[in-house]
Amino acid sequence: MKPPPLTARQRRLGVVNAQRARVSRARILQQIKDSEIEVCGVLDAADRDEIIARIKVVDLVKSLPGVGPVGAQHILDGIGIDTARRLGGLRVRQRQQLIDATAYPIQWRKKFRS
């Protein structure tokens, strides 16, 4: 079944909304990278803003200073969060574990290496 056809105006509006969402998510991740905001602040913002709630947890962890793709994978594996999970889909316990695992200074190399 095909979706209903969109008008040119509806398509433009969709493109604009998608661009705003990407910019908003990128701004939050840059703030994490620059240590302007902490993980608990992003999780609080995700409760209020659907755009932020759509950020993948792995992208958030990779944005932390000193954590790359491998480190992010170790952290998420260590606390049992799937890499496909988004911030809005985390349970209370997972949120707390994420905050604890990413508290400064991040010690993921010692905690989560096998």
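The model is predicted, so local features are reported at pLDDT of at least 70 and side-chain atom pairs at pLDDT 80 or more, while totals for chains, interfaces and linings use all residues. Residues are numbered from 1 along each chain as its sequence is written, and side-chain values use heavy atoms, with hydrogens and water left out.

The protein has seven helices and zero strands, where helices (H or I, at least four residues) and strands (E, at least two) are DSSP runs numbered from the N terminus. Along the sequence the pattern reads α-α-α-α-α-α-α. A box of roughly 55 × 35 × 25 Å, taken along the principal axes, holds the C-alpha atoms. Of the 114 residues, 31% are buried; buried means under 20% relative accessible area, exposed over 50% and partly exposed in between, with a 1.4 Å probe and protein chains only. Contacts are defined by heavy atoms within 4.5 Å. Among contacts between residues at least 6 apart in sequence, 64% join residues at least 24 apart.

Helix 1 covers residues 8-33. Its 26 residues should span 38 Å at 1.5 Å a residue, and the end C-alpha atoms are 37 Å apart, which agrees; the expected span is 1.5 Å times one less than the number of residues. Ala21, Ser24, Ile28, Leu29 and Ile32 of helix 1 are buried. An α-helix has 3.6 residues a turn, so residues three or four places apart point the same way. The cover over the buried residues of helix 1 includes helix 2 (39-48), helix 3 (50-53) and helix 4 (57-62).

Although Ser35 is not a glycine, its phi is positive, at about 60°. With a relative accessible area of 53%, Ser35 is exposed.

Helix 2 also packs with helix 6: the two axes come within 9 Å and cross at roughly 150°. Axes are lines fitted to C-alpha atoms, for helices over the stretch in contact, and angles run from 0 to 180 degrees between N-to-C directions. The two helices are therefore roughly antiparallel, a class for angles over 145 degrees, with under 35 roughly parallel, 65 to 115 roughly perpendicular and the rest oblique. Val39, Cys40, Leu43 and Asp47 of helix 2 meet Arg95, Leu98 and Ile99 of helix 6. These residues divide into five nonpolar, no polar and two charged; Ala, Val, Leu, Ile, Met, Phe, Trp, Tyr, Cys and Pro count as nonpolar, Asp, Glu, Lys and Arg as charged, and the others, Gly among them, as polar.

Gln94 also belongs to helix 6 (residues 92-101) and is buried, at 3% relative accessibility. A polar atom of the Gln94 side chain lies 3.1 Å from the backbone nitrogen of Arg91. Beyond neighbours within four places in sequence, Gln94 is in contact with Gly80, Ile81 and Gly89.

Val61, in helix 4, is buried with a relative accessible area of 1%. Not counting residues up to four places away in sequence, Val61 touches Val67, Ala72, Ile75, Leu76 and Leu98. Val61 and Leu76 are 15 residues apart along the chain, with their C-alpha atoms separated by 8.4 Å. Gln73, in helix 5 (residues 69-79), is 12 residues from Val61 in sequence and 8.8 Å from Val61 in space, C-alpha to C-alpha. At 32% relative accessibility, Gln73 is partly exposed.

Notes: A polar contact is a pair of N or O atoms within 3.5 Å; within protein, one must be able to donate a hydrogen and the other to accept it, and residues adjacent in sequence count only if both atoms are side-chain atoms.
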